[in-house]
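Visitor: I would like to go through this structure with you, one topic at a time. Could we begin with the chain as a whole?

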Amino acid sequence: MDKCIYCGSEYAYHDGMTYNCPECGKEWTEHTIESMKLYDQAGNEIKEGDDVITIRDLKLGKGTLKRGSRAKKNKDTR
């Protein structure tokens with residue numbers, strides 16, 4: 001682990017049981033990292049920069065992303 005998964009700090013470290021970030025004060029485990037991953041319908045991991053096509057309408061704020069729309073996941077928004 002080279003960066004904090006929450007704030008992106010380069011000072012994150014592993015203390016043997018959990019990962020810690022001295023800048024934002026958060027801690028996480030390997031299980032947390034696994035649960036934050038995104039998968040497509042076939043079970044393949046979706047990574048940053050992957051192109052995806054929606055299989056149903058998705059509400060995004062006031063608008064809607066229609067089924068069949070192409071989207072590019074540029075940055076993790078969680």
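Visitor: What share of the 78 residues in the protein chain is buried?
Guide: Buried residues account for 18% of the chain. Please keep in mind that this is a predicted model.

Visitor: How many helices and strands does the protein chain have?
Guide: The secondary structure comprises 1 helix and 9 strands. Read from the N terminus, the order of elements is β-β-β-α-β-β-β-β-β-β.

Visitor: And what part of the contacts with a separation of 6 or more links residues 24 or more positions apart?
Guide: Such pairs make up 19% of those contacts.

Visitor: Let us turn to the sheet. What is the strand order, and is the pairing parallel or antiparallel?
Guide: The order is E1-E2-E3 in an open sheet of 3 strands, and the pairing is antiparallel.

Visitor: How many bridges join E2 and E3?
Guide: There are 2 bridges between E3 and strand E2, which covers residues 19-20, and their sense is antiparallel.

Visitor: What holds strands together in general?
Guide: Strands of a sheet pair through backbone hydrogen bonds, in a parallel or an antiparallel manner.

Visitor: What about the loops on either side of E2? Where does Thr18 lie, for instance?
Guide: Thr18 belongs to the loop between E1 and E2. Its relative accessibility is 16%, and the limit for a buried residue is under 20%, so Thr18 counts as buried. Leaving aside residues up to four places away in sequence, Thr18 touches Tyr13, Glu27, Trp28 and Thr29.

Visitor: Is Gly25 buried or exposed?
Guide: Gly25 is exposed, at 62% relative accessibility. This residue sits in the loop between E2 and E3. Its C-alpha atom is 9.8 Å from that of Cys7, a residue 18 positions away along the chain.

Visitor: What does Cys21 touch, not counting residues up to four places away in sequence?
Guide: Cys21 is in contact with Cys4, Cys7, Ser9, Ala12, Lys26 and Trp28.

Visitor: I am also interested in the rings. How many aromatic pairs does the whole structure have?
Guide: A search of the whole structure gives 2 aromatic pairs. In one, the ring centres of Tyr6 and Trp28 are 5.9 Å apart with the planes at 75 degrees, so the arrangement is edge-to-face. Tyr6 lies in the segment before E1 and Trp28 in strand E3, so this pair ties together parts 22 residues apart in sequence.

Visitor: And which pair is stacked?
Guide: Tyr19 and Trp28 are stacked, with 5.9 Å from centre to centre and 15 degrees between the planes. Taken together, ring pairs join Tyr6, Tyr19 and Trp28 into a cluster.

Visitor: Is Trp28 buried or exposed?
Guide: Trp28 is buried, with a relative accessibility of 1%. Tyr19 is also buried, at 11%, whereas Tyr6 is partly exposed, at 41%.

Visitor: Which residue lies over the face of Tyr6?
Guide: Lys26 does, at 4.9 Å from the ring centre.

Visitor: Moving on to charges: how many salt bridges does the count give?
Guide: The count is 1 salt bridge. Its members are Lys37 and Glu34, whose closest N and O atoms are 2.9 Å apart. Both are partly exposed: Lys37 has a relative accessible area of 28%, and Glu34 is at 42%.

Visitor: One last region, please. Which strand holds Leu38?
Guide: Leu38 lies in strand E4, which spans residues 38-39. The residue is partly exposed, with a relative accessible area of 33%. Between the C-alpha atoms of Leu38 and Glu48 the separation is 10.0 Å, and the two residues are 10 apart along the chain.

Notes. Residues are numbered from 1 along each chain as its sequence is written. This is a predicted model: local features need pLDDT of at least 70, side-chain atom pairs count only at pLDDT 80 or more; totals for chains, interfaces and linings use all residues. Side-chain values use heavy atoms; hydrogens and water are left out. Two strands pair if DSSP finds at least two bridges between them. Helices (H or I, at least four residues) and strands (E, at least two) are DSSP runs, numbered from the N terminus. Contact means heavy atoms within 4.5 Å. Rings of Phe, Tyr and Trp (its six-membered ring) pair if their centres lie within 6.5 Å; planes under 30 degrees apart count as stacked, over 60 as edge-to-face and the rest as tilted. Buried means under 20% relative accessible area, exposed over 50%, partly exposed in between (1.4 Å probe, protein chains only). A charge sits over a ring if NZ of Lys or CZ of Arg is within 6 Å of the ring centre and within 35 degrees of the ring normal. A salt bridge is a side-chain nitrogen of Lys or Arg within 4 Å of a carboxyl oxygen of Asp or Glu.
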